[in-house]
Amino acid sequence: MKIENDLVKQVYTGGILIFPFIVLYFISHILLEDYYLFDWTANHGYLFIWLLVFLFVFLKKYLLAAAISIGNIIGIIIGQFLGDFIRTENMKTVTDSMTGEEKYRLQHHPGFEIWLICLLIVFILMLFLQNSIRKNKNKLS
């Protein structure tokens with residue numbers, strides 16, 4: 001009976017935490033396909049980071065699973081719009097005397113890198129939160 005309840009909890013929690021990926025996937029393809037990072041991540045399966053959500057749920061690390069889901073949303077939004085800003089500002093510095101490599105580098109959209117950094121930051125913050133919660137539980141015991 002306990003195992004069955006745990007499985008139901010895991011399936012339910014996994015479904016809730018994977019839901020933002022599904023919604024963002026459809027929104028990216030329907031409404032945001034003209035935005036670089038939204039389109040790229042949706043077309044590349046979010047680099048399959050959604051599998052980490054299921055892995056952490058299976059391991060009963062619900063905060064870490066939530067961190068992946070939350071970090072994905074935060075990272076895509078910040079990555080897209082900050083990446084647009086950085087790219088626009090960099091392209092203002094392009095001159096005719098630059099080499100093709102320099103022009104290409106300045107035209108690069110850094111949204112992907114920003115997305116991954118945001119994911120990592122949220123994940124690390126959640127690790128600290130989880131350890132803090134665990135330490136507080138041990139002190140109370």
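Figure 1. Y25 is partly exposed at a relative accessible area of 33%, where buried means under 20%, exposed over 50% and partly exposed in between (1.4 Å probe, protein chains only). The structure is a predicted model, in which local features need pLDDT of at least 70 and side-chain atom pairs count only at pLDDT 80 or more, while totals for chains, interfaces and linings use all residues. Residues are numbered from 1 along each chain as its sequence is written, and side-chain values use heavy atoms, with hydrogens and water left out. Rings of Phe, Tyr and Trp (its six-membered ring) pair if their centres lie within 6.5 Å; planes under 30 degrees apart count as stacked, over 60 as edge-to-face and the rest as tilted. Nine aromatic pairs are counted by this rule. The ring centres of Y25 and F26 lie 5.4 Å apart with the planes at 80 degrees, so this pair is edge-to-face. F26 is partly exposed as well, its relative accessible area being 46%.

Figure 2. Y35 and F38 form an edge-to-face pair, at 6.3 Å centre to centre and 75 degrees between the planes. Y35 is partly exposed at 33% relative accessible area, whereas F38 is buried at 5%. Ring pairs link Y35, F38 and F81 into a cluster.

Figure 3. I76 belongs to helix α4, residues 62–91 (helices are DSSP runs of H or I with at least four residues, numbered from the N terminus). The residue is buried, with a relative accessible area of 0%. Leaving aside neighbours within four places in sequence, I76 is in contact (heavy atoms within 4.5 Å) with L24, L37, F38, T41, Y46 and W115. The C-alpha atoms of I76 and L116 are separated by 8.7 Å, although these residues are 40 apart along the chain.

Figure 4. H109 is situated in the loop between α5 (100–107) and α6 (111–140) and counts as buried at 9% relative accessibility. Its side chain is joined to that of D84 by a polar contact of 2.7 Å. Such a contact is a pair of N or O atoms within 3.5 Å; within protein, one must be able to donate a hydrogen and the other to accept it, and residues adjacent in sequence count only if both atoms are side-chain atoms. A polar atom of the H109 side chain also lies 3.0 Å from the backbone nitrogen of G111. Not counting residues up to four places away in sequence, H109 touches Y36, G79, Q80, G83, D84 and R87.

Notes: Helix = DSSP H or I, 4+ residues; strand = E, 2+ residues; numbered from the N terminus.
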